[in-house]
Amino acid sequence: MTRIQWGSFGARLYETGVDRGVFYPNVGPGLPWNGLISVKEDPSGASLNKIFVDGVPYRTQKTKESFAAVLQAYTSPRGFDEYDGNYGQQRRKPFGLSYRTRIGNDISADYAYKIHLVYNALAMPTTVDSSTLKTDGLDGTPFSWGISTTPVPIPGAKPAAHLIIDASIAYPEAIQAVEDVLYGSIDGDARLPDPEELLDLFEQHAILVIIDHGDGTWTAIGPDEAIDMPDADTFQITWPSAVYLDSDTYQISSL
Amino acid sequence: MTRIAWGAHGERLFETGTDRGVLYLNGQSGIPWNGLRAVKEAPSGGEPRPYYIDGFKYMNIAAAEEFVATLEAFSAPNEFAECDGRKSIHNGLFAGEQPRKSFGLSYRTLIGNDYLGDRFGYKIHIVYNALAAPSQRANETIGASVTTLGLSWSISTMPPRMDGLKPTAHFVIDSTLTPPKLMAEIEDILYGSIDGEARLPDVDELLELFKSAGPVVRENTILIPRPAAYSGSDWVGSGGLGGSPEAGWIGGTLAATTAPYIFTGRSYLEYQPGDKITLGIRYRVTAVSGPVEFICVVPGIRTPLKYYRDGYQVTRPITLDQDEVVSIEWIAPEYIAPGTLQIAVHGSIESGLSFADGDAGFAMRATEAIIEPGWSNRPYFDGDTIDTDIETYEWANTPGSSPSLMRSWY
């Protein structure tokens, strides 16, 4: 047993910055969002309602949570205009969005990053202040859009509109595959994969792969450090995704 | 008596800082919260509501109070994701807007004073059943200098039920008031040790820890109040009443013509003139054999050369009935140095009686011999007294040769 250590070497993490904004229209490839300077995540809901019994809180119940944010940018992709109702109070369309935030630590400012995926975002009308140029130069007042979202189905979780990929945890191969889809590659244009496809990408790049054949049998594929065969009829899997539920039951998944 | 002194050396206290944040999730060992930089406690409720009658305030009742806080950090442990509405659906892939899990939290704040700085002591705060509310994250592009993202979470709590106190989700352990041994035990639980992983003790366990090693509430400052041996040549025989006194009793057979006495142990305290001293003592007198009809014992207080009763110097013994409990509130007439105050028990023989050496004796046990500042007359205890559910006993230092301490949660 060990005693807790605070602030150990390499564990002093912080988050900073935003970059690699990509706008995903309903149709067509993803477009880089140049000039994106901030994404203020502002989830709403999940307010806490309390039920009291005998004068003391008995249960705390929270309302449904919904992802919302405020984007600020000096400009927006040309294709974003019709999603902003800019052609004269037209019906706004939902779009997808991805952006990246950075994770630093006490060793490196480029320790890792998170890729944020936002589905079914709807931009809300905002005011635009246009004023004459000043004598001291350009006025860099940014545009701002509030966005609300509609959750999409997530395999293995409740519907959500906001997915986060943490590069400090995910395997580099999985990150590479996801980025190839999100940012485009020689194999295809940039696009926003739906959550099921995203999960498949992670599954395909898992080190330990579990394939359920649907007939009560399954196959495990993995390196020697994960799967060991003590004898010809016995296997032993040692991997974080293999966990005992009780003394006779275990659960195993790709990881 | 002394006049109040303000700002005395070492008493200029202040509180500062926060560190040692630990996140506790159900079924997992404690996780260090690196980067926790602020815990802003903002308990809600508790506002007094006044009621008026005839234009005058009639009642002022406080509403129920709840612990609420805001956590600020540079980062959060990965395990905190599920408390922040993010569920891991694969290695590194998290879905937002998921059900939030409640969690436990501990953090430390520092107590400083005027000569030790912030090293005087600290408080460990324990928060149960916390629930984080969604919070804003202002991701902004990196400019000329790196600006770290200030993460923050509002947390509310649901107090666990507990006996004897109004439920609360926030406990504070003050190292300046908690016995060091208990403090170390609690920290071993909270932060982990060679014996076990870091974990959050539940409320009952926490209370039990303090019950078993709670703060000192009484101290018997007299050394061995029960007579350890009879005294001097006034006694005949080698101890033991008729060879078989009751356990814990000291006695012997009397010589025919003398008045023996036994002193209790000596107090560890020093007393200034005017200090109030409380004594309680109980005796038993037993005739063993022979024509003895009456033996008296005398409570008294002896400084090295003087005897007092009820605060007055006395020269004559006072007779007590058997098993009578005597409590004396006494004002120290002069300075009494540590180790000189004793309770004396005298035996004497009624005038006119005569018997041979060894024909009679008496036994004594000072069951309530206590010398403490302030009034108290409760059964004597020592460090070997058997612990109860709510009280524990121990010797302050050497067993049998130091004050005995009683600790109690209540």
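Colleague: Let's start with N129(B): how does N129(B) count by relative accessibility?
Modeller: N129(B) counts as partly exposed, because its relative accessibility is 32%, between the 20% and 50% cut-offs. Keep in mind that this is a predicted model.

Colleague: Thanks! Where does N129(B) lie in chain B?
Modeller: You'll find N129(B) in strand β12, which covers residues 117–133 of chain B. Its backbone is worth a look too: N129(B) is not a glycine, yet its phi is positive, about 50 degrees. Most residues other than glycine have a negative phi.

Colleague: And D54(B), what is its phi?
Modeller: For D54(B), phi is near 55 degrees, again a positive value in a residue other than glycine. D54(B) sits in the loop between β5 (48–53) and β6 (56–62) of chain B.

Colleague: Is D54(B) buried or exposed?
Modeller: Exposed, because D54(B) has a relative accessibility of 69%, and the cut-off for exposed is over 50%.

Colleague: Switching to chain A. How many helices and strands does chain A have?
Modeller: Two helices and 20 strands. Of the 255 residues in chain A, 39% are buried.

Colleague: Tell me about α1(A). Which of its residues are buried?
Modeller: The buried ones are A174(A), I175(A), A177(A), V178(A), E179(A), V181(A) and L182(A). The helix as a whole has twelve residues, 172–183, and spans 16 Å from first to last C-alpha, close to the 16 Å expected.

Colleague: What do those buried residues pack against?
Modeller: They pack against β1 (14–24), β10 (112–124), β14 (162–166) and α2 (195–204) of chain A.

Colleague: What follows the helix?
Modeller: G184(A) follows α1(A), and its phi is positive, near 90 degrees.

Colleague: Salt bridges next. What does R102(A) pair with?
Modeller: R102(A) meets D19(A) in a salt bridge, 3.2 Å from N to O. R102(A) is in strand β9 (residues 95–104) and D19(A) in strand β1 of chain A, so this pair ties together parts 83 residues apart in sequence. R102(A) is buried, at 19% relative accessible area, while D19(A) counts as partly exposed at 21%.

Colleague: What about R20(B), who's its partner?
Modeller: That's E187(B), with the closest N and O atoms 3.9 Å apart. This pair links strand β1 (residues 14–24) and helix α1 (residues 180–191) of chain B, 167 residues apart. R20(B) is partly exposed, at 26% relative accessible area, and E187(B) is buried at 8%.

Colleague: Now the interface. How many residues are in contact between the two chains?
Modeller: 68 residues of chain A are in contact with 60 residues of chain B. Together the chains bury about 5300 Å² between them, and 57% of that is on carbon and sulfur atoms.

Colleague: How many salt bridges are there between chain A and chain B?
Modeller: Six. One of the bridges to look at is R86(B) with E41(A), whose closest N and O atoms are 3.5 Å apart. R86(B) and E41(A) also belong to a network of salt bridges with E15(A), K114(A) and R137(B).

Colleague: Last one: which residues form the nonpolar surface patch?
Modeller: W218(A), M229(A), F235(A), Y244(A) and Y250(A), with about 580 Å² of accessible area together. M229(A) is in strand β17, residues 227–231 of chain A, and counts as partly exposed at 47% relative accessibility.

Notes. Residues are numbered from 1 along each chain as its sequence is written. Chains are lettered from A and ligands numbered from 1 in the order in which they are written. This is a predicted model: local features need pLDDT of at least 70, side-chain atom pairs count only at pLDDT 80 or more; totals for chains, interfaces and linings use all residues. Side-chain values use heavy atoms; hydrogens and water are left out. Helices (H or I, at least four residues) and strands (E, at least two) are DSSP runs, numbered from the N terminus. The expected span of a helix is 1.5 Å times one less than its number of residues. Buried means under 20% relative accessible area, exposed over 50%, partly exposed in between (1.4 Å probe, protein chains only). Contact means heavy atoms within 4.5 Å. Patches are made of residues with over 30% relative accessible area and no salt bridge: like charges are joined within 9 Å, nonpolar side chains (Val, Leu, Ile, Met, Phe, Trp, Tyr) within 5 Å. Accessible areas come from the Shrake-Rupley method with a 1.4 Å probe; for residues, only the protein chains shown count as cover. A salt bridge is a side-chain nitrogen of Lys or Arg within 4 Å of a carboxyl oxygen of Asp or Glu. Buried area is the accessible area (1.4 Å probe) that two parts lose on being put together, summed over both.
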